[in-house]
Each structure stands twice: as structure tokens, then as C-alpha cells.
Amino acid sequence: MHASDIAVSLPTVTADDPVTKAVRLMALGRMPGLIVVDGQGRPASVLPGTQVLRLAVPGAYQEDPALCRTIDEAHADVFWGELGERTVGDCLPRHPVTPATVRMEATLLEVAALMARLRSPIVAVVGRDGVLAGAITLERLLTSLALAPDD
């Protein structure tokens with residue numbers, strides 16, 4: 001089996017999209033992460049869900065967990081909605097990491113090895129032109145491997 005055989009179409013975001021949109025897409029789509037694409041539809045970054053969460057949680061709260069206890073429960077439950085105009089691009093690393101991508105012809109072993117090496121629960125599948133053709137989630141990969149016939 002090849003990557004193109006199990007790749008699915010998932011919503012993407014751009015660097016100009018609001019962080020709140022990224023969080024909503026991931027949550028409502030039950031996605032393990034997001035693919036950030038450039039203006040030509042090429043993956044610029046693949047963000048695991050924990051990284052998307054880092055976009056939403058203000059840095060001060062990440063650095064000082066005791067500060068989190070100073071916020072009452074009502075406000076603590078809606079903190080991510082108060083991000084204002086912050087965009088995904090505002091939150092991306094200054095030195096972009098190579099996105100987790102594979103060609104459509106990649107084997108499932110190649111996909112699994114990449115996911116394991118990069119600790120990424122989602123991999124972008126690209127065509128020869130580098131444009132996003134689909135995505136493979138960890139769940140989809142494991143299901144495909146578990147259901148593959150034994151030879």
C-alpha cells in the first residue's frame with residue numbers, strides 16, 4: 001500500500017488564519033493536528049495537536065503553572081477565545097521546522113517511520129509538485145496496518 005491509498009482530505013489553515021479558527025477546526029474535526037499551507041497549497045508546517053494548543057495558551061501560563069491557579073474557573077474555560085487577532089503565523093516558530101511530508105508513492109513503513117521520528121500524529125501527502133494531496137493521521141495509519149492482510 002502507498003500513502004496515496006490511505007490519504008484523506010482534511011481542513012487546513014494558513015499563516016494568516018486566526019488561532020481561534022485553528023483550534024476550532026482541530027476540535028470540531030477531531031483532528032490530531034493541523035497542516036499549515038502556503039498560498040500555493042504546499043505544506044509549510046505540520047502542527048501536532050499539542051503545538052496547536054501551545055498557540056492558544058498564553059506563554060506566561062505555559063511558563064508559570066502557578067499563574068493558572070489565579071484565574072477563576074469561568075475564565076479558565078474560555079481563555080483560548082480571548083486571543084484577539086493573533087494569527088497562526090504569529091505563533092509559528094521563527095525558524096520553521098521541515099513539515100512532516102511524504103510523496104504519494106511512499107510506503108506505509110515510510111509514513112510510520114516519519115511519524116515516529118518527528119513525533120507527529122499527522123503527515124501531509126504531497127504530489128510531485130509539492131502541493132498537498134491529502135493527509136494521513138496516526139489513527140488512519142494504524143487502522144490500515146491492523147487491517148492489512150497477513151501474507
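1. Which residues in helix 2 meet which residues in helix 3? Val-19, Ala-22, Val-23 and Met-26 of helix 2 meet Gly-49, Val-52, Leu-55 and Ala-56 of helix 3, where contact means heavy atoms within 4.5 Å. By class, this contact of helix 2 with helix 3 has seven nonpolar, one polar and no charged residues (Ala, Val, Leu, Ile, Met, Phe, Trp, Tyr, Cys and Pro count as nonpolar, Asp, Glu, Lys and Arg as charged, and the others, Gly among them, as polar).

2. The model is predicted: local features need pLDDT of at least 70 and side-chain atom pairs count only at pLDDT 80 or more, while totals for chains, interfaces and linings use all residues. Residues are numbered from 1 along each chain as its sequence is written, and side-chain values use heavy atoms, with hydrogens and water left out.

3. The protein has nine helices and five strands, in the order α-α-β-β-α-α-α-α-α-β-α-β-β-α along the sequence. Helices (H or I, at least four residues) and strands (E, at least two) are DSSP runs, numbered from the N terminus. The C-alpha atoms fill a box of roughly 60 × 35 × 25 Å, taken along the principal axes.

4. The axes of helix 2 (residues 19–28) and helix 3 cross at roughly 145 degrees and come within 9 Å. Axes are lines fitted to C-alpha atoms, for helices over the stretch in contact, and angles run from 0 to 180 degrees between N-to-C directions. Helix 2 passes helix 3 in a left-handed crossing (the near helix is turned anticlockwise from the far one by less than a right angle).

5. Helix 8 (residues 108–118) packs against helix 9 (residues 138–147) at about 140 degrees, with the axes 11 Å apart. That angle makes helix 8 oblique to helix 9 (under 35 degrees is roughly parallel, over 145 roughly antiparallel, 65 to 115 roughly perpendicular, and the rest oblique). The crossing of helix 8 past helix 9 is left-handed. Leu-108, Val-111, Ala-112 and Met-115 of helix 8 make the contact with Leu-138, Leu-141, Ser-144 and Leu-145 of helix 9. These residues divide into seven nonpolar, one polar and no charged.

6. Lining the largest pocket are 23 residues, and Ser-45, Leu-47, Gln-51, Leu-92 and Pro-93 lie nearest its centre. On a 1 Å grid over the protein atoms alone, a pocket is an open set of points where a 1.4 Å probe fits, with protein on both sides within 12 Å along at least five of seven lines; lining residues have an atom within 4 Å of a point. Strand 2 (43–48) gives the most to this lining, with five residues.
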